[in-house]
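The following note concerns the ligand sites and pockets of the structure shown below. It is set out as numbered points for discussion.

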Amino acid sequence: DCPYGSGHINDTFLLIFEIAEMGRIKVILQRMNSTAFPKPIEVMENITGVTSFLKKKIIENGGDPERETLNVIPAVDGKPYYIDSTGDYWRSYKFITDASTYDLVEKPEQFYESAVAFGNFQSLLSDYPAETLHETIEKFHDTRNRFALFKKAVEEDVMGRAASVEKEIRFVLEREEIANCFAEMLDRHELPLRVTHNDTKLNNVMLDDKTGKGICVIDLDTVMPGLSLNDFGDSIRFGASTAAEDEQDISKVSCDLHLFEVYVKGFLEGCGGALTDLEVEMLPMGAILMTFECGMRFLADHLEGDHYFRIHRENQNLDRARTQFKLVWDMEQKLSEMKAIVEKYK
Ligand code: ADP
Ligand code: GN1
Ligand code: MG
């Protein structure tokens, strides 16, 4: 099990140093996941670029650059990573003090604050030179391609698990048009590419323990040009769910429309009016699409033998896929209500 936090990708450790004249110093140390990120140097180039850009803006705005952005601690040779004798890449960050991440929304205000923070993150990066960013995971949120990869995983069925999840596979195959929706809109140049976070789970934003405000967006491995709709949607699929991502009793899983509304409000405020009318109108579709994509990824990983998402028990990726599909189904039933909510905040 991963010693710190509950991310599915990197191995995170908390180091505590007792240094006489300095007191207690905390550092986050991470072993980067080489399966997910085959080019770790490019990941770190993106992260140092983005964090130094944010740092400047935070200082200009009178904020605290130690707490409002990640700060990479360089290795002794000055590089933002360290390669160990087995070839693994490690990196470290200053620990953000007096703040926490959450795996479930405890109070709607927390979700609202996370929405403002993610919206704000995107607006702070709206003038970042996008052409300098590496694509750290190829076609990361190309849902049309994810659908093709899913079909391939079913056909190959390397673990012999497909027969036991026929119902789930059928659920996916019946919904190809969801997978194609944004790709086709991009083909028609209807949606703008922006610098986005691409992994906007609630536990990727730190909330201040005292004020409850979203102070720092973390987990910057996938900051790349992308769609605002995907950033919005990924937050909804995780945070507006009434149950944990790996809940085994799927009768507990649904999309909480109050939380959906709270997030719409915060995200639009955070984006500061930058979204186009069509982007705003498509927000509910963003929630369905990202949930569907994530479900396909979990189920494909289950079929392929769980080598991408860390699991802590048997069939955990299958359980995760099932919660996502239940959410997709639930949001399909609630689509007109979701649209009406978005309409209120336009
Ligand atoms: P993963 O990619 O595996 O999700 P994250 O970068 O999100 O890894 O880190 C996992 C967890 O570690 C976070 O959810 C958060 O709780 C904690 N964490 C990460 N960076 C920091 C930091 N700089 N300060 C404090 N906690 C952090
Ligand atoms: C992973 O790294 P983490 O746990 O924040 C994944 C996301 C998924 C998410 C599902 C790089 O996020 O894309 O949506 O799990 N990150 C990567 O919980 O694949
Ligand atoms: Mg994370």
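1. A pocket is here an open set of points, on a 1 Å grid over the protein atoms alone, with protein on both sides within 12 Å along at least five of seven lines. Its volume is the space filled by probe spheres set on the points. The model under review is a predicted one. On these terms, the largest pocket has a volume of about 830 Å³.

2. The lining of the largest pocket comprises 45 residues, and those nearest its centre are Gly7, Asn203, Asn204, Ile218 and Asp219. Two or more lining residues come from each of E2, E5, strand E6 (99–100), H6 and H9. Of the contributors, H9 gives the most, namely five residues. Sorted by class, the lining contains 19 nonpolar, 14 polar and 12 charged residues.

3. Which pocket holds ligand 1? Ligand 1 sits in the largest pocket. The space taken by ligand 2 is likewise the largest pocket.

4. Ligand 1 has 20 residues around it, and Asn10, Gln30, Ile96, Thr101 and Asn203 come nearest. Strand E2 (23–31) and strand E5 (89–94) each supply at least two residues of this shell. By class, the shell is made up of nine nonpolar, nine polar and two charged residues.

5. The polar contacts of ligand 1 involve both backbone and side-chain atoms. A nitrogen atom of ligand 1 is 2.9 Å from a backbone N or O atom of Ile96. In the side chain of Thr101, an N or O atom lies 2.7 Å from an oxygen atom of the ligand, and a polar side-chain atom of Asn204 is 3.0 Å from an oxygen atom of ligand 1. On its own, ligand 1 has 550 Å² of accessible area, of which the protein covers 96%.

6. Ligand 2 is surrounded by 19 residues, the closest being His8, Lys201, Glu245, Arg297 and Tyr308. The class composition of this shell is eight nonpolar, four polar and seven charged residues.

7. Which side chains place a polar atom beside an oxygen atom of ligand 2? Among them are Asp199, at 3.1 Å, and Asn204, at 3.0 Å. An N or O atom in the side chain of Arg237 lies 3.3 Å from an oxygen atom of ligand 2. The protein covers 98% of the 440 Å² of accessible area that ligand 2 has on its own. Helix H6 (228–239) and helix H9 (283–304) are the elements that give two or more residues to the shell, and H9 gives the most, with three.

Terms used:
Residues numbered from 1 in each chain as written. Chains lettered and ligands numbered in written order. Predicted model: local features only at pLDDT ≥ 70, side-chain atom pairs only at ≥ 80, totals over all residues. Heavy atoms only, no water. Near = heavy atom within 4 Å. Polar contact = N/O pair within 3.5 Å; in protein donor to acceptor, adjacent residues only side chain to side chain. Areas by Shrake-Rupley, 256 points an atom, 1.4 Å probe, with all protein chains shown as cover. 1 Å grid on protein atoms, 1.4 Å probe; cavity = no way out; pocket = protein on both sides within 12 Å on 5 of 7 lines; lining within 4 Å. Sits in = over half its atoms within 2 Å of the grid points. Helix = DSSP H or I, 4+ residues; strand = E, 2+ residues; numbered from the N terminus. Nonpolar A, V, L, I, M, F, W, Y, C, P; charged D, E, K, R; others polar.
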